[in-house]
Each structure stands twice: as structure tokens, then as C-alpha cells.
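Please keep the sequence and the three-dimensional view at hand while reading.

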Amino acid sequence: MDLSCLITAILFFTGNTLLLVFYAKEARWSNFNEELYYDLDPTYLQEQWKFYEQHRAKWLSAGIINGLAWFFFTFPMIQLAWILSQRGSKSLWMHVAIAILALAG
């Protein structure tokens with residue numbers, strides 16, 4: 001197995017697990033009150049921000065890890081496009097488009 005595929009899989013798994021942990025904490029805490037939200041009640045908004053400040057590290061680390069996973073995912077995709085084009089001799093533009101889409105993210 002290619003090392004970049006393994007790194008990509010581990011990063012995707014880790015990042016998405018952290019994201020699920022954050023969403024689970026948010027769902028358990030969830031004291032969303034639409035009326036107070038639209039009234040811009042200061043104490044309610046402070047409680048909301050306090051929760052997000054306490055759990056910001058999980059949210060940011062999940063985003064960074066997922067970003068790295070997508071970055072490492074481009075290498076196997078470019079290799080795949082190169083192999084499928086048979087070293088640039090078959091359907092070149094379609095495989096170049098695959099590589100460009102992988103790089104564009």
C-alpha cells in the first residue's frame with residue numbers, strides 16, 4: 001500500500017472523529033433558544049460564545065487535520081490520473097482535468 005494513501009486515510013479518520021466528538025458535545029449541550037437568539041439577549045449570547053470558546057480547540061484541530069488529509073489526498077489522485085492516461089498517451093485532457101480538480105480541492 002502506498003504511504004500517501006495510508007497517511008490520507010489516517011488523517012481523514014482522525015479529523016472526522018474529532019469533528020464527531022465536537023458535534024456530540026454540541027448536541028448534548030444544545031440549549032438553543034430561538035426567541036433569545038433573535039432578541040440578541042446578551043447573557044444567552046455570552047453562554048453560547050463561552051461554549052464555543054471552550055471547545056474551539058477540537059473544532060480547529062479537526063479542520064486542520066481534514067485540510068491536511070485533503071492535501072495528502074491529491075498525491076494519489078494525481079498518480080491515478082497519470083496511470084490511467086497510460087503515461088500521458090491516452091485521453092490526456094480528461095486525466096489532466098482529474099488532476100486539476102484534485103489540486104483545486
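F22, Y23, F51, Y52 and W59 are linked into a cluster by ring pairs. The model is a predicted one, and the structure holds 13 aromatic pairs.

**The aromatic cluster**

- A pair of aromatic rings is described by two quantities, the distance of the centres and the angle of the planes.
- F22 and Y23 form a tilted pair, with 6.0 Å from centre to centre and 55° between the planes.
- F22 is buried, at a relative accessible area of 5%, whereas Y23 is partly exposed, at 38%.
- F22 also pairs with W59: the ring centres are 5.2 Å apart and the planes stand at 55°, so this pair is tilted.
- Because F22 belongs to helix 1 (residues 3-29) and W59 to helix 4 (residues 56-84), the pair ties together parts that are 37 residues apart in sequence.
- V21 is found in helix 1 and is partly exposed, with a relative accessible area of 36%.
- The C-alpha atoms of V21 and W59 are separated by 9.3 Å, although the two residues are 38 residues apart along the chain.

**The nonpolar surface patch**

- Which residues form the nonpolar patch on the surface? They are L20, Y23, W59, L60, I64 and L68, and together they have about 620 Å² of accessible area.
- Helix 1 and helix 4 each supply at least two residues of the patch.
- Helix 4 gives the most to the patch, with four residues.

- F72 is located in helix 4 and is partly exposed, with a relative accessible area of 25%.
- Apart from neighbours within four places in sequence, F72 is in contact with S4, I7, T8 and L11.
- T8, one of these partners, lies in helix 1.
- T8 counts as buried, at 5% relative accessibility.
- Beyond neighbours within four places in sequence, T8 is in contact with A69, F72 and F73.
- S4, another of the partners of F72, has its place in helix 1.
- S4 is buried, with a relative accessible area of 14%; the limit for this class is under 20%, so S4 falls within it.
- When neighbours within four places in sequence are set aside, S4 is in contact with F72, F75 and P76.
- The side chains of S4 and D2 are joined by a polar contact of 2.8 Å.
- F72 and H55 are 17 residues apart along the chain, and their C-alpha atoms are separated by 26 Å.

**The loop residue L40**

- Where does L40 lie? L40 is in the loop between helix 2 (34-39) and helix 3 (42-54).
- L40 counts as exposed, at 58% relative accessibility.
- Most residues other than glycine have a negative phi.
- L40 has a positive phi of about 60°, although L40 is not a glycine.

**H95 in helix 5**

- H95 is found in helix 5 (residues 92-104).
- Is H95 buried or exposed? H95 is buried, with a relative accessible area of 8%.
- Leaving out neighbours within four places in sequence, H95 is in contact with A81, L84, S85 and K90.
- H95 and L36 are 59 residues apart in sequence, and 53 Å separates them in space from C-alpha to C-alpha.

Technical notes. Residues are numbered from 1 along each chain as its sequence is written. This is a predicted model: local features need pLDDT of at least 70, side-chain atom pairs count only at pLDDT 80 or more; totals for chains, interfaces and linings use all residues. Side-chain values use heavy atoms; hydrogens and water are left out. Rings of Phe, Tyr and Trp (its six-membered ring) pair if their centres lie within 6.5 Å; planes under 30 degrees apart count as stacked, over 60 as edge-to-face and the rest as tilted. Buried means under 20% relative accessible area, exposed over 50%, partly exposed in between (1.4 Å probe, protein chains only). Patches are made of residues with over 30% relative accessible area and no salt bridge: like charges are joined within 9 Å, nonpolar side chains (Val, Leu, Ile, Met, Phe, Trp, Tyr) within 5 Å. Accessible areas come from the Shrake-Rupley method with a 1.4 Å probe; for residues, only the protein chains shown count as cover. A salt bridge is a side-chain nitrogen of Lys or Arg within 4 Å of a carboxyl oxygen of Asp or Glu. Contact means heavy atoms within 4.5 Å. A polar contact is a pair of N or O atoms within 3.5 Å; within protein, one must be able to donate a hydrogen and the other to accept it, and residues adjacent in sequence count only if both atoms are side-chain atoms.
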